[in-house]
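Q: I'd like to learn how to read this model feature by feature. Could you give me the general idea each time, then the case at hand?

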Amino acid sequence: DLTVSVLNWFRIPALFAMMSRTAVRATAAAAVAHAAPTRRAFAPELVIFDKDGTLICFKTMWATWAERLCSDLERCTHLDESAMEVFTDALGFCRRTMTVHNKSILCCSPMHHIQSICVEKLAQGAGLSQDEAAGLVQSVWRLPDPKETAKERTDLVALFESLTSVYGMKIAVCTTDDRVVTKDTLRYLGVDRYVSAVLCGDDEYVEPKPSPAQIEYICDQLGADPQRTIMVGDTITDMRMGASAQVGLNVGVRDGAGSVEDLMEHADFILPSMDHFERVVSRVASPRSM
């Protein structure tokens with residue numbers, strides 16, 4: 001039942017709270033009837049995935065990384081509780097709940113920017129000079145290890161195989177993470193061979209997310225049309241980037257780093273998990289003829 005599927009994908013209580021179930025079904029059915037012909041004509045040729053929170057679990061990688069950074073800094077600086085709180089607030093990280101705020105720098109900023117904020121807040125909290133703080137941060141700075149922290153959010157090999165072999169699409173990854181970690185993660189997950197382009201936070205030749213330049217650059221490199229591209233992400237930054245680039249379909253994924261309210265602003269679909277993504281593809285694309 002496509003109507004039920006759409007309702008399950010969106011799951012936006014605020015939108016439907018004042019409507020009867022009959023009215024909800026009628027509204028959803030009308031939306032599907034209106035959108036289906038356009039989306040069938042859409043004929044996507046490229047899918048661009050965000051990495052953290054979309055392909056892999058955000059918390060497993062970045063909450064673990066942030067806690068390790070805080071623990072290492074505590075050992076070498078003896079920061080008191082209030083100074084450490086200033087530091088973790090700047091990261092947008094709560095040590096008690098091991099959660100990351102959905103609009104924090106850990107969600108939306110390149111690693112070099114996160115590192116500079118760490119230096120600034122350490123200097124402020126510990127009464128150090130910028131040079132002293134920079135030296136301490138550098139001494140404990142470690143990139144995430146995908147072997148320890150990369151937990152895929154769906155069967156990525158099966159999904160990527162289907163997208164490329166069944167639907168004939170190209171795949172790209174667009175992330176604020178560094179290139180070394182990104183390439184290692186894709187290799188560790190066994191999907192690097194499916195990915196035609198990767199754009200990362202330390203690629204300084206392109207403006208960072210949410211600039212549409214990220215998608216425009218990838219499309220230019222792969223000879224793809226943004227209007228025949230699907231953007232898939234878990235944060236408002238991803239959705240704003242897709243909207244700014246005028247992609248053909250903007251797909252938000254719940255249970256990543258972003259909230260439903262954030263995703264609602266620009267997403268065409270909001271999925272409860274990445275397990276549902278191939279169902280969206282089956283609605284908008286046809287398998288290529290063999």
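Q: Where is Ala90 found?
A: Elements come from DSSP runs: helices are H or I over at least four residues, strands are E over at least two, and both are numbered from the N terminus. In this predicted model, Ala90 is found in helix H5 (residues 81-91).

Q: Which residues is Ala90 in contact with, leaving aside its neighbours within four places in sequence?
A: A contact means heavy atoms within 4.5 Å. By that rule Ala90 touches Ile105, Ile117 and Lys121. Its C-alpha atom is also separated by 7.8 Å from that of Cys118, 28 residues apart along the chain. For the protein as a whole, take the contacts between residues at least 6 apart in sequence: 67% of them join residues at least 24 apart.

Q: What is the mean pLDDT of the protein?
A: pLDDT is the predictor's confidence in each residue, from 0 to 100. Here the mean is 80, and 85% of the residues reach 70 or more. Over residues 1-40, though, pLDDT stays under 50, and for that stretch the model has 43 contacts beyond four places in sequence.

Q: In what order do the six strands of the open sheet come?
A: Two strands pair if DSSP finds at least two bridges between them. The protein has 15 helices and eight strands; six strands form an open sheet in the order S5-S4-S1-S6-S7-S8, with parallel pairing. S5 and strand S8 (269-271) are the edge strands, each pairing on one side only. On average, neighbouring strands in this sheet are turned by 20 degrees against each other, direction ignored.

Q: How many bridges join S4 to S5?
A: Strand S4 (residues 170-174) runs parallel to S5, and four bridges join them. One example is Cys174, whose bridge partner in S5 is Leu199. Angles run from 0 to 180 degrees between N-to-C directions, using axes fitted as lines to C-alpha atoms, for helices over the stretch in contact. Helix H11 (residues 179-189) lies across S4 and S5, at about 155 degrees to S5.

Q: Is strand S6 mostly covered or mostly uncovered?
A: Buried means under 20% relative accessible area, exposed over 50%, and partly exposed in between (1.4 Å probe, protein chains only). In strand S6 (residues 229-233), five of its five residues are buried. Thr229, Met231 and Gly233 sit on one side, with Ile230 and Val232 on the other. Four bridges join S6 to strand S1 (residues 46-49) in parallel, and Val47 has Ile230 as its partner. Across the protein's 290 residues, 52% are buried.

Q: What is phi of Gln246 near?
A: Most residues other than glycine have a negative phi, and most peptide bonds are trans. Gln246 has a positive phi, near 55 degrees, in the loop between helix H13 (236-244) and strand S7 (249-253). At 53% relative accessibility, Gln246 counts as exposed.

Q: Is the peptide bond from Lys209 to Pro210 cis or trans?
A: That bond is cis, with omega near 5 degrees. Pro210 belongs to the loop between strand S5 (195-199) and helix H12 (213-222).

Q: What volume does the second largest cavity have?
A: On a 1 Å grid over the protein atoms alone, a cavity is a set of points where a 1.4 Å probe fits but cannot get out; lining residues have an atom within 4 Å of a point. Grid points are joined across faces, edges and corners, and a volume is the space filled by probe spheres set on the points. The second largest cavity has about 100 Å³. Of its 14 lining residues, Trp65, Arg68, Arg142, Leu143 and Pro144 are the closest to its centre. H4 gives the most to this lining, with six residues.

Methods:
Residues are numbered from 1 along each chain as its sequence is written. This is a predicted model: local features need pLDDT of at least 70, side-chain atom pairs count only at pLDDT 80 or more; totals for chains, interfaces and linings use all residues. Side-chain values use heavy atoms; hydrogens and water are left out. On a 1 Å grid over the protein atoms alone, a cavity is a set of points where a 1.4 Å probe fits but cannot get out, and a pocket is an open set with protein on both sides within 12 Å along at least five of seven lines; lining residues have an atom within 4 Å of a point.
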